[in-house]
Amino acid sequence: MWRDGVLVAGKDLRIELRSRVVLHQVVPVAVLMLVLFAFALGPATAPMVAAAPGLFWVAVLFTGVLAVQRSAALEGGDGGRDGLRLSGLDPAGVFLGKAAAVAVQLLVLEAVLSAGVVLFYGAHVRSPGALVVASVTGTAGLAAAGTLYGALAAGLRVRETLLPLLFLPVAAPVLVAGTKVWQSALGAAGAGSGDPWLRLLVVFAVVYLAVGVVIFGPLQEAP
Amino acid sequence: MASPPPAWSRRRAVIVHVLGAASVLAVAITVWLGLWVTPPDQHLRDEVRLVYVHPPIAWVALYLAFGLGALSSVLWLWTRTRSAAWDRLAAASMEVGTVFTALTLVTGSIWGRATWGVWWAWDARLTSTALLLVLQLGYLAVRRVPSDRDARARRSAVVALVAAVDVPIVHFSVDWWTTLHQGGTVTNPNLSPTIHGSMAWTLLLGFVAFTLLFAWLLVVRYRLVTLAEWREDTELAEALHERWAEGGPVAERRAAVPTATTATAAPGALAGARPAGPPAGS
Amino acid sequence: MGYVDAGYAVALSVLAGYGVVLWRRRRRLEAIRAKLAARRSP
């Protein structure tokens with residue numbers, strides 16, 4: 001399973017490296033979102049700084065949808081999905097591989113977004129460690145849920161509208177928890193400890209990775 | 001042509017009618033008791049009367065309908081227990097459940113307006129229920145996507161499973177989210193008044209009544225799913241058959257022979273639908 | 001009492017309306033079913 005996962009992750013990431021779709025299209029959308037938020041809240045920086053933790057995660061969620069769409073579309077044409085299924089690769093491994101590739105891309109997006117939030121909104125980071133842990137665990141959960149739904153909606157003509165509808169409510173706890181961690185890491189007033197929220201992020205990631213590993217194969221069974 | 005599903009047996013039809021009548025009666029009695037017979041609460045005064053309606057509906061929506069939908073989805077997914085009946089049950093339960101969830105939000109909002117003065121507050125229960133509604137709408141959206149029955153069942157079941165896994169997580173996170181919030185007395189009102197005496201009996205009846213109502217709606221909806229699936233399978237074959245029959249004797253003979261066009265199912269019909277055979281007795 | 005009445009009214013009318021819609025659709029399909037079942041039996 002792990003070997004197949006590495007194989008598939010490598011394939012997806014190599015495609016991204018060559019086509020650079022996420023880099024050239026999704027990253028700019030992320031930056032654009034920060035600018036749009038500024039238009040919505042500014043020009044005074046106080047509301048932006050106060051909202052910065054939440055805005056970061058909202059941007060992550062929405063660009064995450066785009067990244068998952070892209071990942072699902074990679075197998076789109078000419079029976080790529082059938083090819084993957086018939087190739088004899090362990091479906092759990094395929095799932096982990098695709099999720100890992102999405103996670104890597106999401107982490108890149110989050111790095112850009114964090115830099116953007118600090119730069120544009122003047123946020124001051126007190127404990128970067130917590131932010132990194134939150135990002136990694138939150139991303140793992142998002143990538144897992146997203147990859148599962150991406151495969152579910154793959155090949156459907158309504159995929160573009162269906163995927164956000166399915167993915168975003170499931171991703172909501174990550175938004176809640178991630179925002180809380182960021183709030184405490186940025187030392188916002190009355191934020192409380194971020195620890196229980198980090199634990200929630202870990203639980204979310206573990207649960208959805210487990211669900212994906214178990215259900216990805218049965219999901220792909222030929223009709 | 002697929003044969004029509006069997007009609008309800010005499011006994012089953014009677015049971016369904018009795019169930020319907022019983023649920024209507026139970027709801028009516030609950031309303032009567034709730035609105036007129038039971039006393040107003042000490043603190044909440046007359047506003048308490050919504051306790052006979054909102055919590056039962058909420059319970060049905062989350063635990064009964066959604067729980068049943070998730071359970072039957074899992075039973076379908078597990079190959080050892082797989083059966084088309086589970087898929088139909090999940091579809092029926094989730095749809096009826098969505099109606100109940102929406103009503104939970106509406107009655108909760110009205111109750112909030114009555115007791116807190118605001119139409120909406122980000123309290124744990126309302127927020128979790130709102131998210132549940134979106135999850136259920138997603139399920140319904142997935143069921144609408146035209147595809148063959150097996151793929152649709154598979155997709156819906158996965159959505160139901162993921163949603164079911166998400167609900168407790170959402171519940172916990174939203175709960176912490178609201179309780180760790182400093183201040184905001186509006187957000188945690190006492191929606192659990194002390195229940196005693198006639199109020200307790202009425203509340204119990206309320207739960208029973210709405211459960212019966214759900215059961216009746218579920219049975220009817222399930223039957224509708226069965227009939228609708230049968231119609232899906234036969235509609236095209238039947239339409240073609242009737243078209244040819246219009247043409248007179250020659251056309252009728254042609255209609256009697258399975259042709260390539262009847263063998264290829266329309267996009268929405270079940271893959272492998274059988275070609276229209278010769279009409280019975282003609 | 002206004003809000004309480006509204007709450008009851010909304011809940012009951014929506015459920016009643018939904019029930020009526022389902023029942024009617026079921027009756028219509030059952031009629032079609034009965035017709036086709038009769039046609040098939042010799």
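The chat below goes through the chains, contacts and helix packing of a predicted model.

Reader: Before we start, what kind of model is this, and how are residues and chains labelled?
Author: It is a predicted model, in which local features need pLDDT of at least 70 and side-chain atom pairs count only at pLDDT 80 or more, while totals for chains, interfaces and linings use all residues. Residues are numbered from 1 along each chain as its sequence is written, and chains are lettered from A and ligands numbered from 1 in the order in which they are written.

Reader: OK, chain B then, how many helices and strands?
Author: Chain B has eight helices and zero strands, where helices (H or I, at least four residues) and strands (E, at least two) are DSSP runs numbered from the N terminus. Read from the N terminus, its elements run α-α-α-α-α-α-α-α.

Reader: And how much of chain B is buried?
Author: Of the 282 residues in chain B, 41% are buried; a residue is buried if 20 or more other C-beta atoms lie within 10 Å of its own, exposed if 12 or fewer, and partly exposed in between, with C-beta atoms placed from the backbone. Among contacts in chain B between residues at least 6 apart in sequence, 74% join residues at least 24 apart, a contact being two residues whose C-beta atoms, placed from the backbone, lie within 7 Å.

Reader: Which residues have the most contacts inside the largest nonpolar core?
Author: Those are A:Ala145, A:Leu148 and B:Phe214, in a core of 142 residues. Such a core is a set of buried Ala, Val, Leu, Ile, Met, Phe, Trp, Tyr and Cys residues joined through C-beta atoms within 7 Å. Helix H3 (residues 84-115) of chain B contributes the largest share of this core, 14 residues.

Reader: What is B:Phe214 in contact with?
Author: Leaving aside neighbours within four places in sequence, B:Phe214 is in contact with B:Val60, B:Leu64, B:Ala65, B:Val96 and B:Phe100.

Reader: Switching to the interfaces, what does chain B put against chain A?
Author: That contact takes 29 residues from chain B and 25 residues from chain A. On the chain B side, helix H4 (124-144) and helix H5 (149-179) each supply at least two residues, and H5(B) gives the most, with 17 residues. The chain B side divides into 21 nonpolar, three polar and five charged residues, where Ala, Val, Leu, Ile, Met, Phe, Trp, Tyr, Cys and Pro count as nonpolar, Asp, Glu, Lys and Arg as charged, and the others, Gly among them, as polar.

Reader: How are H4(B) and H5(B) packed?
Author: They pack at an angle of about 170 degrees, with their axes 9 Å apart; axes are lines fitted to C-alpha atoms, for helices over the stretch in contact, and angles run from 0 to 180 degrees between N-to-C directions. H4(B) and H5(B) are therefore roughly antiparallel to each other, given that angles under 35 degrees count as roughly parallel, over 145 as roughly antiparallel, 65 to 115 as roughly perpendicular and the rest as oblique. Their contact has twelve nonpolar, six polar and five charged residues.

Reader: Now chain C, what does it look like?
Author: Chain C has one helix and zero strands, and its C-alpha atoms fill a box of roughly 60 × 5 × 5 Å, taken along the principal axes. Of its 42 residues, 19% are buried.

Reader: How many residues go into its contact with chain B?
Author: The contact takes 30 residues from chain B and 24 residues from chain C. Helix H1 (10-37), H3 and helix H6 (198-246) of chain B each supply at least two residues of the chain B side, which by class has 20 nonpolar, three polar and seven charged residues.

Reader: Is B:Leu217 buried or exposed, and what does it touch?
Author: B:Leu217, found in helix H6 of chain B, counts as buried, with 27 C-beta neighbours inside 10 Å. Not counting residues up to four places away in sequence, B:Leu217 touches B:Val96, C:Tyr18, C:Gly19 and C:Leu22.

Reader: And where is B:Pro4?
Author: B:Pro4 lies in the segment before H1 of chain B and counts as buried, with 22 C-beta neighbours inside 10 Å. B:Pro4 touches B:Trp230, C:Arg33, C:Leu36 and C:Ala37, again not counting residues up to four places away in sequence. B:Pro4 and B:Thr234 are 230 residues apart in sequence and 9.1 Å apart in space, C-alpha to C-alpha.
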